[in-house]
Amino acid sequence: MYLIGIDLGTTGVKAVIFTEDGRIAAMEYEAYRQESVKGKRQLYATALWESCQRVLAVAFERCPPQEEGALCVSSFGEGFVCLDGDGGELSPVMLLTDDRGQKEFDRLVGQLDPGEIAAVTGLKPHNSYSLSKILHLQANCPDVYARTRHILLMGDYLYYKLGGEYVTDYSMASRTMLFDVHKKRWDPWLLERAQVDGGLFSRPVQGGMSVGQVLPEVAKRLHLPRKTTLVMGGHDQPVAATVSRGKIAYTMCSMGTSECITPILREPLSDSHILAWGHPNEPFMEAGAYNTLAYNVTSGLLAQWAAQVFASGEPRAYEILEREMPQEPTRILALPYLHGSGTPYLDCGARLSLVGMDETARRGDIYRGLLEGLCMDQRLNIEKLGGDKLEDAGLLVTGGASRSKAWLQIKADVLERPVHRLVCGQAGALGCAILCAVAAKVYPTLQEAAQAMAQVEAAAEPRPKEIQFYREKFEIYQTLYEDCKRANAYAAALQEGGNDIC
């Protein structure tokens, strides 16, 4: 049977068709347009669904027909679409870094106990979560909100379009800040205070469960196997982390537009830790287990920005910048936030800062300094989490940036951990295929499925000389955020937009 992974990101959607041993039979990707202006960052659900249909249909045109398949979706979190009673799209999909709803969110959270919020949701109160955007619609688009009959996270939306059911998983639901991650239900206390009808949300289920079949007319139109079972996936990071749970356990690190380290927790983080540093307790793909997220929202985006600024119009810009990088570590300090930080600060006003350059600095020096800053940012996250939250075997990296040998070597040196790479490079889709394989009883457990389907190769080992240099540099880096905070808040204020569109 075919094991089908849909990896739904903020910049594009990928369909990957796997065989039962983890080989890729076919793959297709399509980017879609993201609107970004003055604090508003949004997509449109209908356009996203159209892209999803195209990549599935094109991928299956390359595959011999089969009678049976299983399909699973991995999706970015927080974003949602409001639908009317006929399934019509009423609102754009506002992304994590969209700043709408901040005023309404602050007003609501100011009336509540942050500790109680953390205890229920596993989250530090922050306007990046879905709740903030829901409050924005209530206050600024009351006609739209009054017509809303369903609030679907983007994974939910694809399951609805594919199978006609309103279902979500615990990890996706947790990104709303309205879900009890321990009781696994929409929380009545928060729903009441936010004046949100819990019936608008999808039915939550454990990731990895079978949740129906692809509708016959959809399967026929997209050339899917006639009997295609839908398997519940979830938030992209924990779905991807299933590939790291083989015979040797690694800690997953995805290196795409954003970067996220996803430790699987032996026990949930304390409420006090969540409030201090923003790392969440998120339900994992195995019943009763949790993961957390340590992330930078502009990792690959920062590298892309550097290529556009320093090597615009040059072919193979990344290779040029890496070739011009010095072999030795730099003394350039980079606070690596283009439009806000992830954990541990969760600061929408944080911005890129570069310190320590003089007239001798060239683009290769600056580029290496930026990569070092990104790795320092993740070291800061690990320091706050505690190193015991990561597996001794080291990191397992995936994503477009994981192809950079130079970046991976800096990461190994800064984090003082071995770095391994996922051979197929499609962790989100492969995680979906692993969940499909277990649901279809191809393999009895996640561990056995990951061991059989996920191939790993060594990529970089930490080097003693560089370790010592970066330890000293990290002592300085730890104060950089506070040193730059006032100036960056000033810069961010100049870029703020109004909340004048829905």
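In which sense do strand E14 and E15 pair, and over how many bridges? Strand E14 (residues 210–213) and E15 pair in the antiparallel sense, over two bridges. Two strands are said to pair if DSSP finds at least two bridges between them, while helices (H or I, at least four residues) and strands (E, at least two) are DSSP runs, numbered from the N terminus. The model is predicted: local features need pLDDT of at least 70 and side-chain atom pairs count only at pLDDT 80 or more, whereas totals for chains, interfaces and linings use all residues. Residues are numbered from 1 along each chain as its sequence is written, and side-chain values use heavy atoms, with hydrogens and water left out.

The chain holds 19 helices and 26 strands. Its radius of gyration is 22 Å, close to the 23 Å that the globule rule gives for 502 residues, so the chain is as compact as a globular protein of that length. Here the radius is taken over C-alpha atoms, and the globule rule is 2.2 Å times the number of residues to the power 0.38. Along the principal axes, the C-alpha atoms fill a box of roughly 65 × 50 × 45 Å.

Of the 502 residues, 59% count as buried; buried means under 20% relative accessible area, exposed over 50%, and partly exposed in between (1.4 Å probe, protein chains only). The accessible surface comes to about 19,700 Å², and 49% of this surface belongs to carbon and sulfur atoms. These areas come from the Shrake-Rupley method with a 1.4 Å probe, and for residues only the protein chains shown count as cover. Among contacts with a separation of 6 or more, 74% are made by residues 24 or more positions apart, a contact being heavy atoms within 4.5 Å. The mean positions of the 51 positive and 62 negative charges lie 2 Å apart. In that count Lys and Arg are positive and Asp and Glu negative, with His and the chain ends not counted; each charge is placed at NZ of Lys, CZ of Arg, CG of Asp or CD of Glu.

The strands can now be taken in turn. Strand E15 (residues 227–235) is mostly covered, with seven of its nine residues buried. Besides its antiparallel pairing with E14, in which Gln-213 stands opposite Thr-229, E15 runs parallel to strand E6 (residues 68–75), and seven bridges join the two. Glu-68 stands opposite Lys-227 in E15.

Another pairing involves strand E2 (residues 12–18) and strand E3 (residues 24–31), which run antiparallel and are joined by seven bridges. Lys-14 has Tyr-29 of E3 as its bridge partner. E2 and E3 form a hairpin with five residues between them, and Gly-22 in the turn has a positive phi of about 95°.

Two bridges join E19 to strand E20 (residues 290–291), and Glu-282 has Asn-291 of E20 as its bridge partner.

Among the helices, H6 (residues 154–163) has nine of its ten residues buried, so this helix is largely enclosed by the rest of the structure. The buried residues of H6 include Tyr-157, Tyr-159 and Tyr-160. Just after H6, Gly-164 takes a positive phi of about 80°.

Several loop residues also deserve a look. Most residues other than glycine have a negative phi, and most peptide bonds are trans. Gln-195, although not a glycine, has a positive phi of about 55°; Gln-195 is found in the loop between helix H8 (188–194) and strand E13 (203–205) and is exposed, with a relative accessible area of 66%. His-223 likewise has a positive phi, near 65°, and its place is in the loop between helix H9 (216–221) and E15. At 41% relative accessibility, His-223 counts as partly exposed. The peptide bond from Thr-343 to Pro-344 is cis, with omega near 5°, and Pro-344 is in the loop between strand E22 (333–335) and strand E23 (353–355).

Finally, Glu-461 is found in the loop between strand E26 (456–460) and helix H18 (464–477). Leaving aside residues up to four places away in sequence, Glu-461 touches Gln-409, Ala-412, Asp-413 and Pro-418. The C-alpha atoms of Glu-461 and Lys-411 are separated by 9.3 Å, with the two residues 50 apart along the chain.
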